[in-house]
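I am opening my notebook on a structure that is new to me.

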Amino acid sequence: MTTETAGEPGTGPARLRRARFSIAAVFCAHGAVTGSFATRIPWIQEHAQVGAGTLGLALAFPALGAAVAMPLAGRVNHRFGARAALRGLLSLWTLSLVLPGLAPNPATLCCALFAYGAAAGLSDVAMNALGVETEDRLGRSIMSSLHGMWSVGALLGSAAGTVAAHTATDARLHHLIAALALTAAGLVAVRGVLDLRSRPQEQAPPRFARPPKAAVLIGAVGFCAVFAEGASLDWSAVFLRDVLGTGAGVAAASTTAFALTMAVARLAGDRVVDRFGAVRTVRAGGALAGAGGLLVVVTVRQPVAAMAGFGMTGLGIAVVVPLAFAAAARSGPAPAQAIAGVATITYTSGLIAPSAIGAVADATSLVVSFGLVTLLACALVAGAAVLRPKAGAGGGAHAVNRDEPAAIRP
């Protein structure tokens with residue numbers, strides 16, 4: 001999508017500032033849904049009467065829903081334009097928050113989570129595509145801060161969920177109120193994003209296109225980071241409750257602590273990457289996340305230490321996904337296709353992670369499950385080099401090499 005609606009130029013400084021703040025608000029609303037859901041997973045688990053293994057299986061259904069739906073996002077954008085598509089897809093996502101809490105048994109929970117995942121995937125692709133386009137037009141990095149706003153939203157949602165869990169509020173009521181509020185906020189935010197439309201002669205994108213090899217390698221790095229993120233968001237509260245025997249309020253607070261560290265690191269991420277470069281930043285982050293995962297595994301009887309470990313994991317992986325999207329845009333002559341490929345790999349990872357953790361926990365224990373998270377976090381150290389831009393790579397006229405310190409850039 002390369003054209004704007006008549007009367008709305010997309011290159012004016014004031015218009016671009018408004019677009020940046022608006023897409024940031026969209027990311028925030030999107031993250032709040034995830035935070036609201038994650039803190040009430042123990043309630044949903046008890047309400048649907050499922051064990052750890054069955055819960056893990058149910059949490060695979062968002063991945064299935066997203067895998068089916070995400071390839072359609074490009075066609076929706078092509079037909080309706082970026083703003084109208086995002087308006088509808090974001091509303092579907094915020095309203096889908098009510099579905100999991102309504103499920104009375106494992107079968108209906110799986111169906112609810114399938115729809116939840118489909119809405120998540122569609123809206124995620126739409127908002128990231130607009131984020132990358134806004135970044136390109138601004139001529140400077142904003143993707144880390146946008147994902148930071150997603151983490152701020154997750155923090156706000158999880159904080160509200162912590163209060164709801166501590167006061168034993170029914171998750172159905174909690175999620176209904178949150179869904180209505182977030183839908184209204186999202187509709188307001190979308191009004192300011194860039195209203196991009198496909199050129200009249202442009203063909204509709206295919207339903208499925210195999211991503212370039214470079215995008216697959218970049219996506220593999222994102223996979224490791226998002227796996228750790230998804231596992232920590234969805235299972236940290238269950239870990240503290242079941243393994244450490246904490247109360248519901250303290251367990252939910254672990255999710256809030258994780259979301260807080262993610263938000264802080266992402267909001268500061270653009271400056272850190274400008275100072276040290278993408279590869280060194282991700283290598284250091286992988287080492288920190290691996291140390292945090294190890295702390296969770298070896299301090300199974302100390303809730304405060306375990307929460308610190310989740311926080312270290314959040315700090316370490318925070319900037320990986322924004323850098324993966326940026327690297328995809330620079331990886332070759334078809335940045336949109338590469339971004340879509342990386343988005344599919346990384347987002348599916350986050351939705352697969354909870355079910356994988358549940359399967360391993362059912363076969364062994366949750367402690368062993370988070371050992372797997374530790375190994376994947378350490379893999380970031382080895383795989384960070386794929387985020388280094390290649391000479392002559394594509395990515396837009398304003399693409400920047402975020403593997404060089406800012407002082408030596410032209």
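Does Leu380 count as buried or exposed? I looked up its accessibility and found 1% relative accessibility, so Leu380 counts as buried, where buried means under 20% relative accessible area, exposed over 50% and partly exposed in between, with a 1.4 Å probe and protein chains only.

Before going on I noted that this is a predicted model, in which local features need pLDDT of at least 70 and side-chain atom pairs count only at pLDDT 80 or more, while totals for chains, interfaces and linings use all residues. I also noted that residues are numbered from 1 along each chain as its sequence is written, and that side-chain values use heavy atoms, with hydrogens and water left out.

Next I placed Leu380 in helix 18, residues 366–383, where helices are DSSP runs of H or I with at least four residues, strands are runs of E with at least two, and both are numbered from the N terminus. Leaving aside neighbours within four places in sequence, I found Leu380 in contact (heavy atoms within 4.5 Å) with Val221, Cys224, Ala225, Val282, Gly286, Ile317 and Val320. I also looked up Val279, which lies 101 residues from Leu380 along the chain, and the C-alpha atoms of the two are separated by 9.7 Å.

Cys224, one of those contacts of Leu380, is itself buried, with a relative accessible area of 13%. Cys111, for one, is in no disulfide, and the nearest cysteine sulfur, that of Cys110, is 6.9 Å away. Cys111 counts as exposed, at 56% relative accessibility.

I then turned to Asp270, which is found in helix 13, residues 269–276, and counts as buried at 13% relative accessibility. Not counting residues up to four places away in sequence, Asp270 touches Ser141, Ile142, Met143, Ser144 and Ser145.

My last entry is on the lining of the largest cavity. I found 27 residues there, of which Trp150, Val226, Glu229, Tyr347 and Gly350 lie nearest the centre of the cavity; a cavity is a set of points on a 1 Å grid over the protein atoms alone where a 1.4 Å probe fits but cannot get out, and lining residues have an atom within 4 Å of a point. Among the elements that give two or more residues to this lining are helix 1 (13–39), helix 9 (143–166) and helix 17 (335–363).

Definitions and conventions:
1 Å grid on protein atoms, 1.4 Å probe; cavity = no way out; pocket = protein on both sides within 12 Å on 5 of 7 lines; lining within 4 Å. Disulfide = S-S within 2.5 Å.
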